[in-house]
Amino acid sequence: MMSKKDTNSKKPMLKNLYRQLSGNFLGLAVKSQLIGQVPEIITHDGDNQVTLTFYVLKEYSRSNSILIDLETQAHQLPPALARVTDEAYAINERTAMIFLHHHKTYQNSNQPSFSPRLLRLIQAVTAYRNLTVQLIPVTILWGRAPEKEDSLLNLLTADGWQVPGLSKQLFNIGFKGRDTYVQFHAPKDLRTLLQEEIAKNNPEIPHDLQQSEFLNNKEHLNNIVSQVQKRLQGYLDKQQETILGPDLSDRRNVVDKILYAPAIQHAINVDSTENNRTIHESRRLAREYLNEITSDYSYAMIRFFDRFLTWLWTQLYDGVEVRYFERVRALASDYEIVYVPCHRSHMDYLLLSYVIYKQGLRVPNVAAGNNLNIPVLGQMLRNGGAFFMRRSFKGNPLYASVFREYLHSIIQRNTPMEYFVEGGRSRSGRLLPPKKGMLAMTVQSHLRQAGKPIVFIPTYIGYERVMEGGTYIGEMQGKPKETESLLGLLKTTRKIERIFGTVHVSFGQPLYLSNFMEKFNVQPNCLPADRNDTEMPENVTQLIDNLSVKIMQRINRSAVITPVSLLSLVLLSTPQASLDEQSCSDQLALYQRIAQKLPYDEDVSITDASAQSIINYGIKLKLIERRPHVLGDMIRVAQGQAPLLSYFRNNILHIYILPSLLVSLIQRNGKMPLERLKRLVGIMYPFLQSELFLKYPIRTLDETITTYIDTLVEEQIIIEKEPNKQGERILGTPEPNTRNYQQLKVLANSVEQSLERYFMVLSLLSQQGSEKLSKEQVVDLCHLLGQRLAVLYEADMPDFFEPALFRSFLDALERLGYIHLNNHLICFDQRIDKMAKNAHYVLNLETMHVLQQISQLTDDEIHRTLAELHQRRQKKFKKK
């Protein structure tokens with residue numbers, strides 16, 4: 001049997017064998033290059049002085065240890081993995097390596113967070129005057145610096161600030177080993193470091209450590225060791241920054257700071273009390289939330305996205321048109337910039353960051369839904385500046401506090417930020433009603449602790465095709481929402497060979513938070529700095545409501561009228577979605593002239609392509625088709641493309657909705673006095689304004705109507721009749737079967753769907769009576785009735801019966817005082833009945849008859865319909 005002594009004697013032999021074999025293996029895979037000069041090592045310092053050398057690295061890694069050992073041997077430096085012993089000074093260390101962060105060191109959270117070896121060396125230096133310990137900081141880079149890379153793979157895998165996991169480190173060794181860099185920095189004397197750190201806060205302590213009792217106190221000793229370690233960490237960080245650029249990752253730089261912020265300490269205490277957890281458990285949960293939320297910015301990943309997206313856009317799009325970015329550039333140095341774009345596609349995340357980067361400004365931190373935090377893609381987005389948020393904070397006040405504090409930290413660091421006020425992607429092409437949570441947190445942060453003034457940049461993003469088009473249509477027709485996955489992402493790449501036209505990014509007029517604070521009499525720093533769960537005062541809530549609407553209006557004021565959106569608006573307003581080519585060309589030219597003569601806003605951009613070029617472009621994108629005919633070719637929407645084209649029509653519907661309403665009312669009534677026309681428009685406009693975020697104030701509506709009427713008369717779309725006996729201005733239609741009358745009919749049809757939805761709701765309420773239905777029941781019933789109406793019309797337009805549009809109309813009715821809620825039931829007076837009866841002014845008889853038929857439901861039919869809808873939702877939920 002082998003004795004214990006024999007076993008111990010074999011340990012150094014086995015260790016040396018392992019070291020030799022590991023070194024040989026790593027030497028085959030890795031050929032490192034030395035950056036800078038080999039440091040001059042002091043091996044003797046007088047007869048009575050002993051000098052020991054240790055190498056300092058930030059993170060523990062077995063491969064890093066072996067690599068440094070190989071380098072020390074190659075350059076005749078004291079070996080890194082050899083045992084360091086000196087009985088006279090009580091030194092007995094297994095290696096000459098000091099790791100500032102080692103996974104074994106911090107398993108017990110109750111222990112101080114510094115290297116035990118560094119502690120022992122400091123104790124030895126303190127005890128022995130003749131002992132010198134020199135520390136050599138070492139930097140290792142697996143792969144070139146990202147700014148020098150040309151390969152996408154090298155950019156994606158270049159070394160950065162994040163600590164590589166096992167798989168990444170194995171990749172580094174196997175694929176990047178021959179492109180590895182090592183830098184030995186100038187030696188630092190541990191005794192000098194120690195004396196300098198003590199002198200910073202304790203100048204009364206004697207310079208001679210051996211004569212001081214200060215470090216005999218354990219607490220003092222631990223504090224000084226921590227300070228020395230932080231100084232070494234800071235030195236290595238600074239050296240790494242000179243090579244890689246600054247470390248911008250929130251995960252490494254702000255998580256601990258946020259975790260111990262007063263607001264989070266308060267939230268942790270509340271969570272501990274309310275959920276019967278220990279403080280340690282609540283703090284650990286808060287840390288988990290922070291790690292789930294925070295970005296992990298990587299310059300290498302930004303460079304990777306730059307090169308990859310430059311390639312991708314050329315494959316997908318004919319170009320990316322950027323407008324009015326100089327506004328942003330002028331504000332960047334003096335303001336905290338918050339980009340608030342519309343949300344049309346998953347491409348928005350990448351597109352807007354790409355545009356900002358290419359324009360020479362810093363990529364913003366982007367709020368992304370947790371649904372995108374999926375394997376591989378989630379980490380790439382996080383490295384590109386994304387931070388993740390759950391769809392709902394309800395029932396989890398600790399998560400809400402952590403998220404609010406993280407957002408506060410972004411603002412306090414003056415980091416540009418981006419989020420989508422709509423919350424999710426629009427499936428219909430219209431702007432969705434704003435979700436005000438992120439806006440509220442932004443305003444709250446500024447009112448807790450004002451830093452730079454905040455400016456919001458509304459941003460319009462317009463596509464001529466969207467990758468998710470088919471998915472959107474399916475979801476609006478009732479299919480369950482698809483869950484994001486890596487497989488889904490890979491499926492999307494099959495579309496890269498398809499043509500997606502041009503993308504338009506337009507930066508709207510800025511909105512300054514200070515202006516809204518002045519308008520609503522909100523004072524700076526009016527909320528407590530140490531709490532982030534304070535309830536908002538009423539005037540702050542009003543500020544946020546107003547700001548959210550203004551952002552949506554500014555986005556629409558930056559719209560781009562593209563060839564595809566014009567074609568969609570024209571053809572989808574015609575029977576069978578088709579026109580003869582000459583009529584189609586004339587209608588397109590008319591819409592261009594209206595937008596030019598009556599600009600919706602100075603920021604609206606209008607395609608300058610000729611009508612014929614627009615038609616040819618639509619054919620090229622395979623959205624429309626030309627059908628030859630002996631009497632003249634027909635232009636029609638391509639098979640199956642109508643639902644998709646409705647998406648692009650809705651992008652610019654707000655620009656043409658008012659002239660459409662005017663000609664629609666005149667057409668329905670044959671002729672009409674201008675004052676009655678203004679009265680009817682005044683009734684309908686607030687609902688259209690709410691649905692489409694129209695910019696015209698109600699106080700100037702009459703003036704706006706008159707201006708539109710003058711232009712439509714000039715274009716001969718409506719005709720000026722002889723004034724009546726009262727001298728009122730009378731407006732009528734052109735003669736039937738004329739070209740101008742046909743143009744009027746097409747223009748009038750743009751508003752039809754909105755009006756039909758409104759009167760569907762009004763008819764249902766009027767027929768059922770007050771205090772019979774809740775808002776959600778009305779939305780559900782109208783959604784089903786809309787589906788029935790679409791079948792009767794044989795129209796494939798799923799956006800017509802989108803629930804959000806019915807909900808928006810009900811919200812407008814409530815805001816304007818037409819309805820109110822009592823125990824969740826809708827209450828109203830005779831005004832709703834009167835409005836429902838006035839349908840004949842705006843709808844044709846056939847549509848009115850259909851609406852009356854489908855809205856006359858018995859109590860049994862209502863209960864049966866709602867039960868059926870509930871069953872459908874249950875099935876969708878189970879499938880999901």
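Begin by selecting asparagine 823, which counts as exposed at 68% relative accessibility; exposed means over 50% relative accessible area, buried under 20%, and partly exposed in between, with a 1.4 Å probe and protein chains only. The model is predicted, so local features need pLDDT of at least 70 and side-chain atom pairs count only at pLDDT 80 or more, whereas totals for chains, interfaces and linings use all residues. Residues are numbered from 1 along each chain as its sequence is written, and side-chain values use heavy atoms, with hydrogens and water left out.

Asparagine 823 is found in the loop between E25 and E26. Here, helices (H or I, at least four residues) and strands (E, at least two) are DSSP runs, numbered from the N terminus. Asparagine 823 has a positive phi of about 55 degrees although it is not a glycine. Most residues other than glycine have a negative phi.

Isoleucine 819 stands opposite phenylalanine 828 in E26.

**Helix H32**

Next, select helix H32, residues 830-837, and find its buried residues Ile832, Met835 and Ala836. Seen down the axis of H32, its buried residues fall within an arc of 100 degrees, so they line one face of the helix; the arc is that of the directions from the helix axis to the C-beta atoms. Gln830, Lys834 and Lys837 are exposed on the other side of H32.

What covers the buried residues of H32? The cover includes helices H26, H29 and H31, together with strands E25 and E26.

**Glutamine 768**

Move to glutamine 768 in helix H29. Is this residue buried or exposed? Glutamine 768 counts as buried, at 9% relative accessibility. A polar contact of 2.2 Å joins the side chains of glutamine 768 and glutamine 767. A polar contact is a pair of N or O atoms within 3.5 Å; within protein, one must be able to donate a hydrogen and the other to accept it, and residues adjacent in sequence count only if both atoms are side-chain atoms. Select glutamine 856 as well: it is 88 residues from glutamine 768 in sequence, yet the two are 7.9 Å apart in space, C-alpha to C-alpha.

**The three-stranded sheet**

Now display the open sheet of three strands in the order E18-E21-E20, with antiparallel pairing. Its edge strands are E18 (578-580) and E20 (624-627), each of which pairs on one side only. Four bridges join E20 to strand E21, residues 634-637, and arginine 626 stands opposite isoleucine 635 in E21.

Finish with lysine 622, in the loop between H24 and E20. Lysine 622 is exposed, with a relative accessible area of 64%. Its phi is near 65 degrees, a positive value in a residue other than glycine.

Key:
Contact means heavy atoms within 4.5 Å. Two strands pair if DSSP finds at least two bridges between them.
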